[in-house]
Amino acid sequence: MSAAHTTFDIAIIGGGLMGCSTAHFIKNMAPHASVAVIEPDPTYEFASTPRASGGCRVQFTCPENIELSRDSIEFIRTFHEHMAVGDTAPDVGWVEGGYLFIVPPEHVQALAGNVKLQNELGGVVHLLTPQELKARFPSMNTSDLGAGAHSPHDGWCDPHALLWGFRRKVASQGVTFVKARVNAIDVDATQVQALTLDDGARITATAFVNAAGAWSSQVAAMAGMHLPIAPMKRYEHYFTPATPMERLPYVKDLARLAFRSEGQGFSGGLVDGSFQRGFDFEVDHTYFERVVWPAAAHRFPPLEAAKCHRTWAGLYEECELDGNAVIGRWTSGLANFYVIAGFSGHGMMHAPAAGRGLAELIVQGAYQTLDLTRLGYERVERNAPYRETGIL
Ligand SMILES: Cc1cc2nc3c(=O)[nH]c(=O)nc-3n(C[C@H](O)[C@H](O)[C@H](O)COP(=O)(O)OP(=O)(O)OC[C@H]3O[C@@H](n4cnc5c(N)ncnc54)[C@H](O)[C@@H]3O)c2cc1C
């Protein structure tokens, strides 16, 4: 699209997974709506989505997160059925490898409570004793563990394939992709009026969506909205054991060590929530050896001899208020300005159901399938955190 003044029904800022998912469901619900997705980088070099680890799990504690996962996992599992374009059905490489949360004895009661809730909301999660863990995963050191929660139908997929599956489908639905960066947002007292792009073009629309991930607080600020979402670096490593080990589900512990089987080895890392915020993609190649390796080898002693082949850095769009997404309309401010951001490490797995929810809000004026009201911007304005209390 060349520099010009163009009008759409809905303009979505950011063409990562959130932007594309929202566009897809809007077009499903309102095929005649004109939708633009404004994305400066079709290679997605620094976007979070292609750098993700691919994990999808129902093991959360906020009901909304459990339900977002449950519905999204079903969508991802059957992605090829919904997202074919012509004769081409996308393959997102879904692996039903399961998730396993492990905790020391003093956290068993809390874990059991979480498992109960997850099962009540349609997840399948089994509480395992240390003996049962050892029987299933013989390499695991269970001496300091109290229990594990195993969700066998969770798993992982290829985030890059998921993004491009959405993007190709959305393009086939008639969505316009605009290769540009939003540089300014014109507002009046109650509405967003227009976007100004870095090529000088202006876009007017009836509704505007901020789906700019780790950049979403910058975009919000252009409209005068405070969004407590910051870029937080997270490393992902690919490593192999010196001697063969059993295949593992996505194992997570309270220290935020998290990794899963991938090919002959493992993919994952150890999230450090205290990393300085910023657009920093520099890799500290000592991090694996200093932080990840000792923790992994403690839990799986065969990993005493492991080799890290690759480390990359990506950004969590970290919600500093409570680690949960902000989804919804800015009801007290600019009534046609919506946000879908701040998923704090859970965005890949939640994108399908979150995009569907926001599309319902925009097209139908209210949530239809899942009530995501508690994830709305109102809690930010009230400074009232709504926190996940499970393993992050
Ligand atoms: C290492 C790592 C591992 C992860 N593992 C998992 C996992 O296992 N499971 C999981 O569910 N999630 C995981 N995540 C989180 C997940 O990747 C994100 O939550 C998700 O990709 C967010 O999608 P998004 O579309 O909001 O952001 P992005 O993919 O970053 O897309 C945002 C887009 O906005 C565009 N943009 C920015 N500024 C502007 C502007 N001014 N104008 C127009 N466009 C703009 C950017 O170019 C970008 O393409 C992981 C993240 C990282 C970094």
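**Entry 1: the ligand**

How many residues surround the ligand, and which are the closest? I started there, keeping in mind that this is a predicted model. I got 34 residues around the ligand, and the closest are E39, T49, G55, E317 and M349.

Next I sorted that shell by class. I wrote down 17 nonpolar, 12 polar and 5 charged residues.

**Entry 2: polar atoms by the ligand**

I picked out E39 and looked at its side chain. A polar atom there sits 2.6 Å from an oxygen atom of the ligand. E317 also has a side-chain N or O atom 2.6 Å from a ligand oxygen. For V182 I had to look at the backbone: one of its N or O atoms there lies 2.9 Å from a nitrogen atom of the ligand.

Then I checked whether the ligand is covered or open. On its own the ligand exposes 1000 Å², and the protein buries 97% of that.

**Entry 3: where the shell comes from**

Which element gives the largest share of the shell around the ligand? I found that it is β16, with 4 residues. I noted that β16 spans 306–319, and that α1 (17–29) and α9 (347–364) also supply at least two shell residues each.

**Entry 4: α1 against α6**

Since α1 had turned up already, I followed it to another helix. Two packed helices are described by the angle between their axes and the distance between those axes, so I looked up both. α1 and α6 (residues 159–172) pack at about 40 degrees, with their axes 9 Å apart. The crossing of α1 past α6 is left-handed.

I listed who makes the contact. From α1 I have L17, C20, S21, A23, H24 and F25, and from α6 I have L162, L163, F166, R167, K169 and V170. Sorted by class, the residues of this contact are 8 nonpolar, 2 polar and 2 charged.

Note on methods. Residues are numbered from 1 along each chain as its sequence is written. This is a predicted model: local features need pLDDT of at least 70, side-chain atom pairs count only at pLDDT 80 or more; totals for chains, interfaces and linings use all residues. Side-chain values use heavy atoms; hydrogens and water are left out. A residue is near a molecule or strand if one of its heavy atoms lies within 4 Å of it. A polar contact is a pair of N or O atoms within 3.5 Å; within protein, one must be able to donate a hydrogen and the other to accept it, and residues adjacent in sequence count only if both atoms are side-chain atoms. Accessible areas come from the Shrake-Rupley method with a 1.4 Å probe; for residues, only the protein chains shown count as cover. Ala, Val, Leu, Ile, Met, Phe, Trp, Tyr, Cys and Pro count as nonpolar, Asp, Glu, Lys and Arg as charged, and the others, Gly among them, as polar. Axes are lines fitted to C-alpha atoms, for helices over the stretch in contact, and angles run from 0 to 180 degrees between N-to-C directions. A crossing is left-handed if the near helix is turned anticlockwise from the far one by less than a right angle, and right-handed if clockwise. Contact means heavy atoms within 4.5 Å.
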